[in-house]
2 protein chains.
Amino acid sequence: MYQKKIERTLDCGVVLTKEVLHGKWKSTLLHFIARGVQRPSDLQRAIPSATRRVLNIQLNELEQHGLIGKTIYPQLPPKVEYNLTSLGESLLPVIDAMEQWGNEHRATLEPLLAANPNAQAEASA
Amino acid sequence: MYQKKIERTLDCGVVLTKEVLHGKWKSTLLHFIARGVQRPSDLQRAIPSATRRVLNIQLNELEQHGLIGKTIYPQLPPKVEYNLTSLGESLLPVIDAMEQWGNEHRATLEPLLAANPNAQAEASA
DNA sequence: CGGGATCCAGCTCGATACTG
DNA sequence: CAGTATCGAGCTGGATCCCG
């Protein structure tokens with residue numbers, strides 16, 4: 001996503017995947033869409049911590065990245081549904097692996113994450 | 001990593017994993033350490049796109065998160081080696097899944113990623 | 001060789017309000 | 001219900017220099 005002048009080797013493939021998943025809620029969105037939560041308002045309800053604005057931005061990016069598809073029903077009130085594309089589905093194993101690992105090590109990680117605000121900012125304080 | 005007032009549900013485990021992997025080079029670092037690249041200078045050489053500063057910062061975070069261990073040999077010149085902890089090793093399936101997916105879909109993704117600078121900044125231009 | 005400090009630009013995200 | 005615009009704050013990472 002960022003990177004400036006340096007060439008873009010995309011080193012090991014991991015970087016590529018990270019770029020696709022970059023955005024605070026993208027992987028979560030995929031996770032829920034995969035589970036049948038397809039409408040914006042439902043997604044919003046599923047991820048209350050995020051704003052509609054951010055959700056929309058990341059939804060758009062996911063769409064542009066070809067991971068999800070969007071269906072607009074020209075109704076009143078408007079109705080929109082998102083769905084995984086085959087590319088998006090191919091990413092599910094990764095998401096699931098993350099999901100599983102996160103859940104498995106939650107007990108171990110939460111204290112560590114909490115205790116580690118951020119290195120750089122701390123230094124300058 | 002960020003998040004302010006809203007409670008920290010860590011929704012689906014994915015979020016947790018993402019936090020651990022947060023940092024541009026962390027997953028890449030894990031990837032290489034897993035492959036036997038253990039010394040700072042070697043890692044630096046393996047990931048030339050990153051600065052030593054950032055590498056160190058993220059290495060420290062990985063260590064504090066319990067994903068890697070650090071061995072300091074009190075020599076002259078100094079010698080340091082990083083290694084995966086069992087927690088770090090347990091994350092390898094995830095990294096590998098990312099690695100694999102990224103490589104498999106590289107051809108599809110690169111054009112899309114390139115064509116999609118970022119939604120928000122564009123809007124304000 | 002390894003590590004840290006400073007300075008600084010860029011990006012991401014949250015809050016809020018508004019339109020169709 | 002869906003989507004966007006603006007404002008602002010925070011964090012991340014790059015460049016560079018210096019110390020053990």
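Trainee: Is I72(A) buried or exposed?
Mentor: In this predicted model, I72(A) counts as exposed because its relative accessibility is 56%. Buried means under 20% relative accessible area, exposed over 50%, and partly exposed in between, with a 1.4 Å probe and protein chains only.

Trainee: Where does I72(A) lie, and what is it in contact with?
Mentor: I72(A) lies in strand β1 of chain A, residues 68-73. Leaving aside neighbours within four places in sequence, I72(A) is in contact with K79(A) and V80(A); contact means heavy atoms within 4.5 Å. From I72(A) to Y82(A) the C-alpha to C-alpha distance is 8.9 Å, and the two are ten residues apart in sequence.

Trainee: What about the peptide bond from L76(A) to P77(A)?
Mentor: That bond is cis, with omega near 0 degrees. P77(A) lies in the loop between β1 and β2 (79-84) of chain A. In chain B, L76(B) and P77(B) are also joined by a cis peptide bond, with omega about 0 degrees, and P77(B) lies in the loop between β1 (68-73) and β2 (79-84) of that chain.

Trainee: Before we go on, how are residues and chains labelled, and what limits apply?
Mentor: Residues are numbered from 1 along each chain as its sequence is written, while chains are lettered from A and ligands numbered from 1 in the order in which they are written. As the model is predicted, local features need pLDDT of at least 70 and side-chain atom pairs count only at pLDDT 80 or more, whereas totals for chains, interfaces and linings use all residues; side-chain values use heavy atoms, with hydrogens and water left out.

Trainee: How many helices and strands has chain A?
Mentor: Chain A has eight helices and two strands, in the order α-α-α-α-β-β-α-α-α-α from the N terminus. These are DSSP runs numbered from the N terminus: helices are H or I with at least four residues, strands E with at least two. Of its 125 residues, 46% count as buried.

Trainee: At what angle do α2(A) and α4(A) pack?
Mentor: The angle is about 75 degrees, with the axes 10 Å apart; α4(A) covers residues 52-64. The axes are lines fitted to C-alpha atoms, for helices over the stretch in contact, and angles run from 0 to 180 degrees between N-to-C directions. The two helices are therefore roughly perpendicular, a term for 65 to 115 degrees; under 35 is roughly parallel, over 145 roughly antiparallel, and the rest oblique.

Trainee: Which residues meet there?
Mentor: K26(A), L29(A), L30(A) and I33(A) of α2(A) meet L55(A), Q58(A), L59(A), E61(A) and L62(A) of α4(A).

Trainee: How do α2(A) and α6(A) cross?
Mentor: The axes of α2(A), residues 26-34, and α6(A), residues 92-104, come within 10 Å and cross at roughly 105 degrees. This pair is therefore roughly perpendicular as well. The contact is made by S27(A), L30(A), H31(A) and A34(A) of α2(A) with L92(A), I95(A) and E99(A) of α6(A).

Trainee: And in chain B, is S27(B) buried or exposed?
Mentor: S27(B) counts as buried because its relative accessibility is 0%. S27(B) is in helix α2 of chain B, residues 26-34. Not counting residues up to four places away in sequence, S27(B) touches V14(A), K18(A), L21(B) and I95(B).
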